Amino acid sequence: MIKNYLKIAWRNLIKNRISSLINIGGLAVGMAVVMLIGLWICSELSFNKYHKNYESIARVMQQQTINGEINTMKAMPIPVAYQLRHLYGSNFKHVVLSSWTNPHLLSFTDKNLSIPGNFMEPDAAEMLTLKMIKGTRAALKDPSSILISASVSKAVFGDTNPVDKVIKLDSYSLKVAGVYQDLPYSSSFSNVLFIAPWEIYARSEEVQQARDDWDQNAFQIFVQTAGSVNMADLSSKIKYIKFNNLDKGGKRVKPEVFLYPMSRWHLYSEFKNGVNTSGDIKYLWLFGIIGIFVLLLACINFMNLSTARSEKRAKEVGIRKAIGSLRGQLITQFLTEPLLMAILAFTLSLFLTQLSLPFFNALSGKQMSILWTNPVFWVAGIGFAIISGLFAGSYPAFYLSSFKPVKVLKGTFRAGRMAGVPRKALIIVQFTFSIIMIIGTIIVFRQIHFAKNRPIGYRCSGLIMVRPYSEDIHTHFAAFRNDLIQIGIISEIAESGNQITRSSRMSGGFGWQGKDSNMADQLATFAVTPGYGKTVDWHFKDGRDFSKSSTSNSSGLILNETAVKYMGLKNPVGQIISWNDKKYSILGVTKDMIVESPYEPIKPTIFYASTEAGIVNIRINPKTSAASALSKIESIYKKYAPGQPFDYQFADEEYAKKFNNEERVGKLASSFAGLAIFISCLGLFGMASFMAEQRTKEIGVRKVLGASVLNLWQLLSKDFVTLVIISLVIASPVAYYFMHIWLQNYQYHSDIAWWIFVLTGIGAMAITLLTVSYQSIKAALANPVKSLRSD
C-alpha cells in the first residue's frame, strides 16, 4: 500500500506541476528560513558554554543611584576584589582582577604586532578552562610569563615552538609559557589573544594610585563560586561591601555590589534603572516567531491550493469510497502527498541554506555552518519536515476524505458558497503577517535614520584617533605636531584620555554653589590637552576653550550643557567648582557631544586639561586626500615611535558602529519580510491561476457579450485586492502596537508616521496586482471559442 500511495502521490505532483512547484518552492524557502534562524538561535543559546565553569562564573558589577536613576556598571574598584577574598573567601573558588581588553604592542625580533589581550590574575586561565596546546594554565603564576593564543603563535613564530621564547609586550619582556586554543566567537573572551600577569600591570602608575581607592571604578573583577554556592544569596551578602568602605560623599550614590552570572552576559545584557530587563534574548523570540510564521505561510499555500482543487479530486474520492476505501486510507493517501513534498522541500532547503549561509553570517555577524555530521540535526530536520508536511496536509486530507460518494458520483457535489471562506481567511493571515513585517522594517530603519541625524556636537569626518603603544609620541608630542603642521596634511592635533566615541570615566568628589546635599556628585570626566576642541571641532555655547599659552588651564574646567543643567547653574562661566577639595573655575560651556549611545541621554560631563599620555586625535586637512595624509602621518609617526605599528581609527567609522545592532536587526527583518511576501505571492499566483481556470467558461461568455480585457481584469483582481485591504486594516493597529512598545526602549526615538501605513498599503496593493495580473490578463486574452467549444 505504501508503494501505491507514493506512486499516486508522485503522479499527482507531476500532473499539477505549477501548484507542486509553488508548494515545494514555498515550503523549501520556509524551511530554509527556519533552518537559518534555528542555527542562529542554537549559536546564541550556546554562547559562553565553551567554558566548562559556565554555570559558576560571574562578573562582579555594581549599581549606583545618580539623580534618582539607578545606573549599572561593569567597572569596579580594586579593593572590592581584596575584600571578597578576605571576607567571603570560602564562597569563591577564584577571584580574578583584570584589565580591559585593549590592543598592545607585541614584538619579537623584527615583528611588531598590535594584539588585543588582558592583564589578569593567575587563576584566570583555570577559571576560563583554557585548552592548552603547549604549556600549562598555571604558568601565569610566574610574573615574567605570558600565555598567547594559537593564532598569535602562528603569526609571530610560524610553525616554531614558542615556549620559553622571550617576547616584548609594550615595554615588558616576558617569556612565552604556554599556547592556548583560540577562544571561539561564541565566547565573551573571543578577542582575548593573550593573557599577561596582573602583577606586571599592578606596577603601573594607574593601578598604584587606584590600589586602595574605593571610588576608582576602572577595572574588571571575575569570580568563580565554590561548590553549590547560590549566586543570588551570595550577591545579597556582598551587596554593601563597597558602600561600607566609602566616605560620606561616596555613599551618596548608594553603590550596591552584585554577581552577574556568565549565563546571562550575552542574552540578558540590558539594565533599565537597576533592573535586568532584557538583551539579545528579545531578538531570539522575535526571529523565532518570524521563522514559525514564514513556514506557516508556506503551509497555508499548500492548504489553499489543495482545498481549492477539491472539486477536481471529488470524483477520485467518490470512486475510491465506492470500491471500498475507508476514510482512514484516503486520509493516509492525501497525507502522503504533502509528506513527499515536505521531504523534497527539506532536501531543497538544505541547498538553499548552504547557499545563503555566507550572506546570513555576514548579516548576523556569526560564523555558522550546517551541522552535517550531527545526528541530532538530521533527526530534528527530518522530524521537522514530517511535522510540517502533516501540518500542511492535515486540513486538505480531512476535508477531501469527508466527501459523500453518492453526491460526487451523481454530479450533485458542489463546494458551496462558504467553501472559499477558509481559503480567503488564510490569504488574509498571510498578507497580515507580511504587512506587519514590512511596517516594522520601515519603522526600524526610520529609527536608525532618526538617531543618525541627531546632532553629535562635533565633526567626526576627517578625524582619526591613534592609540600609541608607548610614551614616545607623548614625549616628543610638540615636535611630532610641528612636523605634521609644517607639511600641511593636518589642521590640528591633540591628546585625550579616551576616544571621543567611547564612554567617559565617572568621577566623584564634586561640589558647587547651591548644590543639594542629597545630590550625587558622580560626573563623567574627560581628560584633554589644549587644542582638543579645535581638533574635534566642538561648539561653544558660552565662554572659551582651553588656551595653549595660558597657565589657567590647570585650574579651569569646561562643562557640557547637560552638566550645567544638572548643577542648576544660571551663569556658569567664571563660577567655582570644587573637585577633591581643589578649586576650579568654569572656562566655558560646550554643546552636548554624543560619546556613548546615540539612543540614550548624554551624561553630565566635565573636560579638564591634562598633560598625561593618551589617545592622539588628528584632524586631517580637508584639502588633502585621506590616503595621502595617512601615508605621510605614518612615516612621521614612525620617526618618533620606531618599530611601532601605526594603528588608527576613523571617528566617523567608530561612530557608525553604534548603529550596528539596529541595522543588523533591520536588515534581517527586511530579508525575512521579503521572503514572507515572496511566499505569499507564490500562493496568490497559484490561487489566481486556479480561479482563472475555474472561471474559464464565465470569462468566455463575458467576452462574447462584449466585456473588455480591462473589465475582465477588474473582475478577476477585485477579490484579491479586497483581501489585501482587509489584511492592511488588521495589520496596521497590530504593527503600531508592537512597534510603539519597541520604540519605548529608546529614550530618543522617532514617531510612527501615518505615511508608513499608506506607503505599505500602496506597496502591498501593487505587489498583489502585479502577481494576479499575469493570470487575469492571460485568461482575459484567451480565445472564448476554445473555452465554450464543449458547450
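**Salt bridges and their residues**

Author: The account may begin with E600, which counts as partly exposed at 28% relative accessibility; buried means under 20% relative accessible area, exposed over 50%, and partly exposed in between (1.4 Å probe, protein chains only). This is a predicted model, in which local features need pLDDT of at least 70 and side-chain atom pairs count only at pLDDT 80 or more, while totals for chains, interfaces and linings use all residues. Residues are numbered from 1 along each chain as its sequence is written, and side-chain values use heavy atoms, with hydrogens and water left out.

The partner of E600 is K272: the two form a salt bridge whose closest N and O atoms are 3.5 Å apart. A salt bridge here is a side-chain nitrogen of Lys or Arg within 4 Å of a carboxyl oxygen of Asp or Glu. This pair links distant parts of the chain, 328 residues apart, for K272 is in strand β13 (residues 270-272) and E600 is in the loop between β23 (582-590) and β24 (605-609). Helices (H or I, at least four residues) and strands (E, at least two) are DSSP runs, numbered from the N terminus. K272 is also partly exposed, with a relative accessible area of 33%.

The structure holds 15 salt bridges, and another of them joins D537 to R459, with the closest N and O atoms 3.1 Å apart. Here again distant parts of the chain are linked, 78 residues apart: D537 sits in the loop between α17 (532-536) and β20 (540-543), and R459 in the loop between α14 (421-452) and β15 (463-466). D537 has a relative accessible area of 25% and is partly exposed; R459, at 35%, is partly exposed too.

In a further salt bridge, the side chains of K239 and E256 meet at 3.9 Å, N to O. K239 lies in the loop between α8 (231-238) and β12 (256-261), whereas E256 belongs to strand β12, so this pair ties together parts that are 17 residues apart in sequence. K239 counts as partly exposed at 27% relative accessibility, as does E256 at 26%.
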